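Reader: I am new to this structure. Could you take me through it?

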Amino acid sequence: MRTLKLATRGSRLALAQAGLVQSALEALGQEVELLEVTTRGDKDRTSPLVAIGGQGLFVREVERGLLDGSADLAVHSGKDLPYELAKGLCIAGVPKAASPGDVLVSRKGATIQTIGTGSPRRALECRKFYPDASYENIRGNVDTRLRKLRDGEYDAIVLAKAGLERLKDKNGVSAFETVSQEFDVREFSPKEFLPAPCQGILAVECRSDDEELIALLRQISDPVSRARFDAERTLFCMLQADCAVPLGVHADVEPVAGADDASYAYRLSALLGDRKTSRAGFDLDRICAEIGEELSE
């Protein structure tokens, strides 16, 4: 059995996420070696994402390793994937998803006047709750953002809950637990604050012709998480929104009881700019088409 080389960004969160996939594969008896890749987004940690490329910023260099054969598979945050994967690659594995929502983290007792976020979506959604606050760009990994908050550069910042859940210290305590002790934390449900498409979902990518690896990655996938990933990504790719435009997508997915095949009932909600809508049903293509048509009017 070959040792698989798993490409990942080198941030603490990216390594933690890659470690989840590595552990799942090792539990099946597969040897896995991590290969750290530095992306353009990692090199420039100050410029707003929309100014340095947005789509695919954290993905393309990692994909290059798959294409040239230096890596066998890669782990991405689902929300970082561009509209199109590099030719010859596919998402073959989707492990069980973490929380999809966002959280507002603020200093204890602080009056929230300045909120740090580089996301047009988060700024738009936050204004419903904090209409008088100013919104300023923030970059960096989770630890860097928390340090900036601690140092008083912002009164609050917005983070994905999934990242805080996946980051753990040597004792296995999650960053969400430690952050909740040091700061005030407000959790937003996906219904009141739409997350980014595929937020909280890990996407495991490999070459499309590697049938053996695709079959292996299917074994570490969670069917419902895969269905949610496919639903949100289908709409995301259909909308093709510019990275400067607020875009939020969330799917509630339920298996259809008694169905002979993997059938699901969907409730798909979407935000594009200042428009927001939702649809429910069993036909994903029809739901996405109707949402796309309404939001594009």
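Reader: Which strand pairs with β5, and in what sense?
Author: Strand β5, residues 102-107, pairs with β9 in the antiparallel sense, over five bridges. Strands here are DSSP runs of E with at least two residues, helices are runs of H or I with at least four residues, and both are numbered from the N terminus. Two strands count as paired if DSSP finds at least two bridges between them. Please note that this is a predicted model, in which local features need pLDDT of at least 70, side-chain atom pairs count only at pLDDT 80 or more, and totals for chains, interfaces and linings use all residues. Residues are numbered from 1 along each chain as its sequence is written, and side-chain values use heavy atoms, with hydrogens and water left out.

Reader: And which residue stands opposite R107?
Author: That is F183, in β9.

Reader: What is the strand order of the sheet?
Author: The order is β7-β6-β8-β5-β9, an open sheet of five strands with mixed pairing. β7 (134-136) and β9 (183-187) are at the edges with a single partner strand each, so one side of each has no neighbour in the sheet. On average, neighbouring strands of this sheet are turned by 30° against each other, direction ignored.

Reader: Which strands does α5 lie across?
Author: Helix α5, residues 142-150, lies across β5, β8 (156-160) and β9, and runs at about 160° to β8. Such angles run from 0 to 180 degrees between N-to-C directions, with axes fitted to C-alpha atoms, for helices over the stretch in contact. Helix α7, residues 175-182, also packs on the sheet; it touches β5 and β9, and its direction makes about 120° with that of β9. Contact means heavy atoms within 4.5 Å.

Reader: A change of topic: which residues of α3 are buried?
Author: In α3, residues 60-68, the buried ones are V62, E63, G65 and L66. Buried means under 20% relative accessible area, with a 1.4 Å probe and protein chains only. These residues lie on the same side of α3, because they cover an arc of only 150° around the axis, taken from the directions from the helix axis to the C-beta atoms.

Reader: What do they pack against?
Author: The buried residues of α3 pack against β1 (4-9), β2 (32-37), β3 (73-77), β4 (89-93) and β10 (202-207). After α3 comes G69, with a positive phi near 90°.

Reader: How many helices and strands are there in the protein chain?
Author: There are 10 helices and 13 strands. Of the 297 residues in the protein chain, 52% are buried.

Key: Buried < 20%, exposed > 50% of the residue type's maximum accessible area, 1.4 Å probe, protein only.
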